[in-house]
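Hi,

I am passing a structure on to you, along with some notes on what turned up in it. Have a look at it first, and then read on.

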Protein chains: 2
Amino acid sequence: MRASVVTIEPNGHFCSECAVRGLAVCSSLDPAELREFEHLGRRVHFATGETVFSEEDITTSFYNLLEGVMRLYKLLPDGRRQIVGFALPGDFLGMNISGRHNFSADAIGAVTACQFAKAPFGRFIEDRPHLLRRINELAIRELSQARDHMVLLGRRSADEKVATFLLGWRERLFSLKGSSNTVPLPMSRQDIADYLGLTIETVSRTFTKLERHGAIAIVHGGISLRDPARIEALAAA
Amino acid sequence: MRASVVTIEPNGHFCSECAVRGLAVCSSLDPAELREFEHLGRRVHFATGETVFSEEDITTSFYNLLEGVMRLYKLLPDGRRQIVGFALPGDFLGMNISGRHNFSADAIGAVTACQFAKAPFGRFIEDRPHLLRRINELAIRELSQARDHMVLLGRRSADEKVATFLLGWRERLFSLKGSSNTVPLPMSRQDIADYLGLTIETVSRTFTKLERHGAIAIVHGGISLRDPARIEALAAA
DNA sequence: TGTCAAATTTGATCTGAGTCAATCGACTTT
DNA sequence: AAAGTCGATTGACTCAGATCAAATTTGACA
């Protein structure tokens, strides 16, 4: 799956055929702009566990996630970690005002992204307010998600956290791959714990408890919702 | 303190003389634009405890906070509350993509704000990309603060939460009113608890403990930092 | 198929923060 | 100045989730 196809595009690909066209920042561009945009980004790959950028790194690039899942996190000096989000295809990463990334990002499984050098991308936006509007829209949506997550971290019990996570993750995958009662979980228990502000043991015990009560089944690589209404009741509480 | 001064401005005031000019969204406007902008907003007042807007309300206005402090919060169905932030002069409130507010806001003490009707404000932005860029900048800054707060809520102890809060609040007031080791706290203990994901009792006990250890003094209407280095050590941990 | 190493689950115990219940002040109101 | 109110503090006790410590399962690879 290395870059291999030779085309006239520096990207090696056409934006017009892109899987996340319609979801991502580029949904705001018309066909003519899109052809120009194609020359701005290049397709990059990251292997499982590879770090795309680290907190405090000077921002040199922005990324548009095309395939795979990434974990976005912050570390405390003593190593405690808080995952501030998981990125999925269509997500746009790297915006900040300090010139430095304010969180770290690494690949969970193989990842493909569209990489843009900061300066030319900035220039491209300059005279395209609709692209800026699109970026603003994505930022505002993320802000809303961040506030929801604060409520979860500050005010919900372990059971509620886990139930809310399962439904939220299913919902996000739904808009990409369609509905299913089986929720694939590509991230580890440690990742889930660090996202929910819990320990790995509590996450594991909560899954086990929900399974004993017949609400879910723990399947290979994910969770199957056996009694979605029950999980929804827990998440709503 | 009701609206009283009569001038030719619908606002009753001049943006060019505004206290938050330079801090707020309007910092991106040139003098000519500013005069036009003046006709867009009107000055509104809110009394202590008054609600400016509620979560799920349809967004009809945006607000630029001029004076006072507001609490921004979300409620769970059973009444648990998470304060997602405190707003200070210069903060811009009401942006969302759903057309509904995604949190509630009410006044802590008397508040003055500049209110903009959604539609005309949207039209004003339309052909002024620099204003859009400014709004985007504010959103991205807030997003960064939101992520920092997630770390606090998910991964820090009560002591660390309280210490981090005191320093962060002092820092925000610093950019408005200059430095001081006495940190005014206009919000109640309940507000602080709901901001930090703690109970009122834990906040109170933590203040008392810090005071016993000589790190702070609990003064009327706020906290005096007696040993800032100690508080900083706690917050850094 | 067997051997590690890592991830996950499970169990026993501990503890930080929550809960419940009085006080204690600081302001109002009378 | 007495009474009432509301927020803040303090104390006693509890408990949800953390910590510590094994098992157990899973996956990679020889």
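Buried area here is the accessible area, with a 1.4 Å probe, that two parts lose on being put together, summed over both. Please keep in mind that this is a predicted model.

Let's start with the two chains. Chain B and chain A bury about 4100 Å² between them, with 63% of that on carbon and sulfur atoms. B:Arg147, B:Met150 and B:Arg155 supply 20% of the area that chain B buries against chain A, more than any other three residues. In terms of contacts, 43 residues of chain B meet 43 residues of chain A.

There are ten salt bridges between the chains; one of them joins B:Lys74 to A:Asp148, with the closest N and O atoms 2.8 Å apart. On the side of chain B that touches chain A, α3(B) gives the most, with 21 residues. That side divides into 20 nonpolar, nine polar and 14 charged residues.

Now to chain A by itself. Its domain assignment gives domain 1 (15–152) and domain 2 (156–236), and their centres, taken over C-alpha atoms, are 25 Å apart. The two domains bury about 1500 Å² between them, 64% of it from carbon and sulfur atoms. In domain 1, A:Phe86, A:Leu88 and A:Leu152 lose the most area to domain 2, together 46% of what that side buries.

Four salt bridges are found across this domain interface. β4(A) gives the most to the side of domain 1 that touches domain 2, with seven residues. By class, that side has eleven nonpolar, three polar and three charged residues.

Enjoy exploring it!

Best wishes

How values were computed
Residues are numbered from 1 along each chain as its sequence is written. Chains are lettered from A and ligands numbered from 1 in the order in which they are written. This is a predicted model: local features need pLDDT of at least 70, side-chain atom pairs count only at pLDDT 80 or more; totals for chains, interfaces and linings use all residues. Side-chain values use heavy atoms; hydrogens and water are left out. Contact means heavy atoms within 4.5 Å. A salt bridge is a side-chain nitrogen of Lys or Arg within 4 Å of a carboxyl oxygen of Asp or Glu. Helices (H or I, at least four residues) and strands (E, at least two) are DSSP runs, numbered from the N terminus. Ala, Val, Leu, Ile, Met, Phe, Trp, Tyr, Cys and Pro count as nonpolar, Asp, Glu, Lys and Arg as charged, and the others, Gly among them, as polar. Domain bounds come from an automatic or database domain assignment.
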